[in-house]
Amino acid sequence: MTPKHCFPGFLITFFLTGAVETHPAHESLKPQRVHFQSRNFHNILHWQPGRACACNSSVYFVQYKMYGQRQWKNKEDCWGIQEFFCDLTNETSEAQEAYYGRVRTALAGTRSGWTMTQRFTPWWETKIDPPVMNITQINGSLLVILHAPNIPYRNPKEKNVSMENYYELVYRVFIINNSLEKEQKVYEGARRMVEIEALTPRTGYCVVAETYRPMLDRSSRRSEERCVETP
């Protein structure tokens, strides 16, 4: 593996042959793979160190802006940090707007240029979790109550806003008969309360669910199995 050393003005790479190459450090320090990762509208900017090296003394500076704005804004909590991520959830809270983020590195008095993300629109790009399930047994049936994933947004009255404010959500519920090792879809629709009837007595069942967004044709991963045994 080629050893690398960081210097204020240049990156010097020593090859096994003894040859030496020099590159301006500000180019080799530029952060790589700067991108947003979004889950349930929690929007986190991520990056990797530049080619020079992942020196412990490197620090990073983050800016952001909405598409169409001319001026970049500093993210004060991510100004001169050593982490490789920055939470921009509050700064990107208009879910259907588009945003950019960018990051630069500083090392030993030398600053890199900025590395910018591609255009990021939370409504389009966020991944959503499966619904939270509560299951109750009622007279040999199962009552499944589904809750949309929590998101960080609040309305002007400081009340939580639901994922259903942003998407038409469809819930899919599946039941697995453990004795037969057979899975069956028992519900698909917008209702959040589902009763599963005609179950075999003294049989173990597991229930899983997923969230589907028809407008984007995207499904969440499946929930963890919730298992019960009928009386």
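Is Glu164 buried, partly exposed or exposed, and what is its relative accessible area?

**View 1. Salt bridge between Glu164 and Arg192.** The model shown is predicted. Glu164 has a relative accessible area of 32% and is partly exposed. The closest N and O atoms of Glu164 and Arg192 are 3.5 Å apart. The two residues sit 28 residues apart: Glu164 in the loop between β13 (141-147) and β14 (170-177), Arg192 in the loop between β15 (182-189) and β16 (193-196).

**View 2. Salt bridge between Arg39 and Asp129.** The closest N and O atoms are 2.7 Å apart. Arg39 belongs to strand β4 (residues 32-39), and Asp129 to the loop between α2 (122-125) and β12 (132-138), 90 residues apart. Arg39 is partly exposed at 43% relative accessibility. Asp129 is buried at 17%, because the cut-off for buried is under 20%.

**View 3. Salt bridge between Arg172 and Glu210.** Here the closest N and O atoms are 3.0 Å apart. Arg172 lies in strand β14 and Glu210 in strand β17 (residues 204-213), so the bridge ties together parts 38 residues apart in sequence. Both residues are buried. They join Glu183, Lys185, Glu188 and Arg222 in a network of salt bridges. The structure holds 10 salt bridges.

**View 4. Charged ends over rings: Arg222 with Phe174, and Arg218 with Trp124.** The charged end of Arg222 sits 4.0 Å from the ring centre of Phe174. Arg218 lies over the face of Trp124, 4.6 Å from the ring centre.

**View 5. An aromatic cluster.** Ring pairs link Phe41, Trp123, Tyr153, Tyr166 and Tyr167.

Key. Residues numbered from 1 in each chain as written. Predicted model: local features only at pLDDT ≥ 70, side-chain atom pairs only at ≥ 80, totals over all residues. Heavy atoms only, no water. Phe/Tyr/Trp six-rings, centres within 6.5 Å; stacked < 30°, edge-to-face > 60°. Lys NZ or Arg CZ within 6 Å of the ring centre and 35° of its normal. Salt bridge = Lys/Arg side-chain N within 4 Å of Asp/Glu carboxyl O. Helix = DSSP H or I, 4+ residues; strand = E, 2+ residues; numbered from the N terminus. Buried < 20%, exposed > 50% of the residue type's maximum accessible area, 1.4 Å probe, protein only.
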